[in-house]
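Here is a briefing for a first look at this structure.

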Amino acid sequence: PLAWDLPYSHPAGLAFHAGELWVPDWDSQTVYRLAPKTLATKRAIHYPKETPTALALTRDSLWIAAAGGVLVRHMLDESLTPLARVPDRLGPSLGVAYDGLYLWTVDMKTKKIHKRILDEKLTEVEAYDYPGSQPAALAWDGKSLWSLDAGSRELLRHALDHPGRVTLRTTLPEYSDGRFKPTGLAFDGERFWTTAERTRVTGPGR
């Protein structure tokens with residue numbers, strides 16, 4: 001796999017939208033929009049009232065899971081204007097993904113995957129036990145829900161009929177030495193991307 005250092009240390013998620021990679025950093029409280037070929041920053045938007053832990057993009061909104069147990073909906077304008085704050089009663093969420101109809105979240109507290117309707121309360125439709133050890137992120141590839149497991153350092157593909165069941169496990173050797181902790185996952189239509197922060201020393205994320 002190819003790897004690039006990021007110009008910040010604490011990436012907290014990852015999404016792919018309109019030809020760009022979107023990366024939130026929890027320490028700087030900023031969402032960065034990157035060019036996939038060079039990882040050059042095309043835009044950075046700072047949110048002093050939010051500490052992001054994950055994000056996902058729907059057709060018309062950006063959803064950010066923030067520390068303190070809240071999911072924030074943003075308009076897809078140049079400033080990513082906040083529109084609504086929804087208490088994350090099923091969180092705190094560490095991973096968020098959108099499948100075209102439902103918003104999926106996963107939390108570390110109960111280790112459950114939550115299927116939610118995009119209504120005012122993000123109502124839960126179903127919940128499934130997470131079939132791994134340490135969920136870090138979720139992504140949708142157009143056909144299946146995937147998760148990034150920071151404990152086993154694997155990429156998991158979840159069954160469509162029951163996301164609590166795994167249909168494929170892929171080991172990620174780039175995390176085998178423990179120097180980086182995976183934090184984000186995205187699919188760009190052809191490849192998966194992950195983000196990670198360093199575990200033993202201070203330095204740029206990757």
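Rings of Phe, Tyr and Trp (its six-membered ring) pair if their centres lie within 6.5 Å; planes under 30 degrees apart count as stacked, over 60 as edge-to-face and the rest as tilted. By that rule, ring pairs link Trp-146, Phe-187 and Phe-192 into a cluster. This is a predicted model: local features need pLDDT of at least 70, side-chain atom pairs count only at pLDDT 80 or more, and totals for chains, interfaces and linings use all residues. Residues are numbered from 1 along each chain as its sequence is written, and side-chain values use heavy atoms, with hydrogens and water left out.

**Aromatic pairs**

- The whole structure holds five aromatic pairs.
- One of them joins Trp-146 and Phe-192; the pair is tilted, at 4.8 Å centre to centre and 55 degrees between the planes.
- Trp-146 lies in strand 14 (residues 145-149) and Phe-192 in strand 18, so the pair ties together parts that are 46 residues apart in sequence. Strands (E, at least two residues) are DSSP runs, numbered from the N terminus.
- Trp-146 is buried, at 7% relative accessible area, while Phe-192 is partly exposed, at 29%. Buried means under 20%, exposed over 50%, and partly exposed in between (1.4 Å probe, protein chains only).
- Phe-187 and Phe-192 also form a tilted pair, with 4.9 Å centre to centre and 50 degrees between the planes.

**Pockets**

- On a 1 Å grid over the protein atoms alone, a pocket is an open set of points with protein on both sides within 12 Å along at least five of seven lines; a cavity is a set where a 1.4 Å probe fits but cannot get out; lining residues have an atom within 4 Å of a point.
- Grid points are joined across faces, edges and corners, and a volume is the space filled by probe spheres set on the points.
- The largest pocket has a volume of about 640 Å³. Of its 26 lining residues, the closest to the centre are Leu-2, Ala-3, Trp-4, Trp-193 and Thr-194.
- Strand 18 gives the largest share of that lining, five residues.
- The second largest pocket has a volume of about 310 Å³. It has 18 lining residues, and Phe-16, Leu-57, Tyr-98, Trp-140 and Phe-187 are the closest to its centre.

**Cavity**

- There is one cavity of 30 Å³ or more.
- The largest cavity holds about 50 Å³ of space.
- Its lining has 15 residues; Gly-13, Leu-14, Ala-54, Val-96 and Ala-137 lie nearest the centre.
- Strand 5, strand 9, strand 13 and strand 17 each give two or more residues to this lining.

- Glu-20 sits in strand 2 and is buried, with 7% relative accessible area.
- The side chains of Glu-20 and Lys-42 make a polar contact of 3.2 Å. Such a contact is a pair of N or O atoms within 3.5 Å; within protein, one must be able to donate a hydrogen and the other to accept it, and residues adjacent in sequence count only if both atoms are side-chain atoms.
- Arg-198 lies in strand 18 and is partly exposed, at 23% relative accessibility.
- The side chain of Arg-198 reaches the backbone oxygen of Pro-204 at 2.9 Å.
- Arg-198 and Lys-181 are 17 residues apart in sequence and 6.2 Å apart in space, C-alpha to C-alpha.

Terms used: Helices (H or I, at least four residues) and strands (E, at least two) are DSSP runs, numbered from the N terminus.
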